[in-house]
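Dear colleague,

Please find the structure below, together with its sequence. My notes on what was found in it follow directly after.

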Amino acid sequence: MFCILVTGIPAAGKSVMAETISERLKLPVISKDAIKELLFDNVGFQSRAEKVNLGIASMEIMYYAAGQLMKTGQPFILENNFEYSSEPGIKHLLEKYQYSVLTITLTGDYNVIYQRFLKRESSPDRHRGHVVNDCYPEKRENNLKTPKAKTISYEDFVHGIEQRGFSAFSVGGRQIIVDTTDFSKIKTEELFSQIAAWKEKTMEY
């Protein structure tokens, strides 16, 4: 059986890509960020350390759910900003259940995607749990407006990508790299043809 990993650099469009593939292939998506948001809303955090712990918990929950699907031989999609530290957990599952894996890595012009990152962080649609680090749900006094998000510099943005391996992550198997600098230039049908060819070859074994 097989699974598809949708990964890449921050603000590259991973969630949208995973949902697009899910709709076309009729596969369930397990998203680390979606799990994280549920934990933010139902557990919350009072410090950066507590937020980090929720991130670790969401990864473990994601792997647990993946393992349950693998036990029953179901194909699925995992969506996450996989990095070097993520490799042992997913490799263990792939080897344990003998799953083939296709990694779809989203990347592009760092300058362009950094601007997209800044816009996303300041968007009212962005879950505040991702944006703040000290307390969520946020404590507001006297109905003050929601404080603006603190952001990182372009240099730190790039440093994080390179040090954590968002673009370089690999667990073997087939990898398709998608440039999302300009969403309008993504050749979606070509991508699905590549996925279909890989899937057909995988199912032969």
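The radius of gyration used here is taken over C-alpha atoms, and the rule for a globule is 2.2 Å times the number of residues to the power 0.38. For 205 residues, that rule puts a compact globule near 17 Å, and the chain agrees with it at 18 Å. Please note that this is a predicted model, in which local features need pLDDT of at least 70 and side-chain atom pairs count only at pLDDT 80 or more, while totals for chains, interfaces and linings use all residues. Residues are numbered from 1 along each chain as its sequence is written, and side-chain values use heavy atoms, with hydrogens and water left out.

**The chain as a whole**

Along the principal axes, the C-alpha atoms fill a box of roughly 65 × 35 × 30 Å. The chain contains 8 helices and 5 strands; helices (H or I, at least four residues) and strands (E, at least two) are DSSP runs, numbered from the N terminus. Read from the N terminus, the order of these elements is β-α-β-α-α-β-α-β-α-α-α-β-α.

Of the 205 residues, 44% are buried. Here buried means under 20% relative accessible area, exposed means over 50%, and partly exposed lies in between, with a 1.4 Å probe and protein chains only. The chain exposes about 11700 Å², of which carbon and sulfur atoms supply 51%; these areas come from the Shrake-Rupley method with a 1.4 Å probe, and for residues only the protein chains shown count as cover.

A contact means heavy atoms within 4.5 Å. Among the contacts with a separation of 6 or more, 79% are between residues 24 or more positions apart.

The chain carries 26 positive and 26 negative side chains, and the centres of the two sets lie 2 Å apart. In this count Lys and Arg are positive and Asp and Glu negative, while His and the chain ends are not counted. Each charge is placed at NZ of Lys, CZ of Arg, CG of Asp or CD of Glu.

**The strands**

Which strands pair with β1? Two strands pair if DSSP finds at least two bridges between them. Strand β1 (residues 2-8) pairs with β3 in the parallel sense over 4 bridges, and 7 bridges join β1 to strand β4 (residues 100-107), also in parallel. On the β4 side, G8 stands opposite L106.

Strand β1 is largely enclosed by the rest of the structure, because 7 of its 7 residues are buried. Both of its faces are covered, with F2, I4, V6 and G8 on one side and C3, L5 and T7 on the other.

Strand β3 (residues 76-79) has F76 and L78 pointing one way and I77 and E79 the other way, and all are buried. This strand also runs parallel to strand β2 (residues 29-31), to which it is joined by 3 bridges. In that pair, I30 stands opposite L78.

**Individual residues in helices**

D33 lies in helix α2 (residues 32-42). Is this residue buried, exposed or partly exposed? D33 counts as partly exposed because its relative accessibility is 22%. Leaving aside neighbours within four places in sequence, D33 is in contact with R126 and H130. D33 and I21 are 12 residues apart in sequence, and their C-alpha atoms are 17 Å apart.

V131 is part of helix α6 and, at 7% relative accessibility, counts as buried. V131 and N80 are 51 residues apart along the chain, with 17 Å between their C-alpha atoms.

**Backbone features in the loops**

Most residues other than glycine have a negative phi, and most peptide bonds are trans.

- A11, in the loop between β1 and α1 (14-25), has a positive phi of about 65° although it is not a glycine. With 6% relative accessibility, A11 counts as buried.
- K26, in the loop between α1 and β2, has a positive phi near 60°. With 71% relative accessibility, K26 counts as exposed.
- The peptide bond from Y136 to P137 is cis, with omega near -5°. P137 is placed in the loop between α6 (128-131) and α7 (154-164).

Yours sincerely
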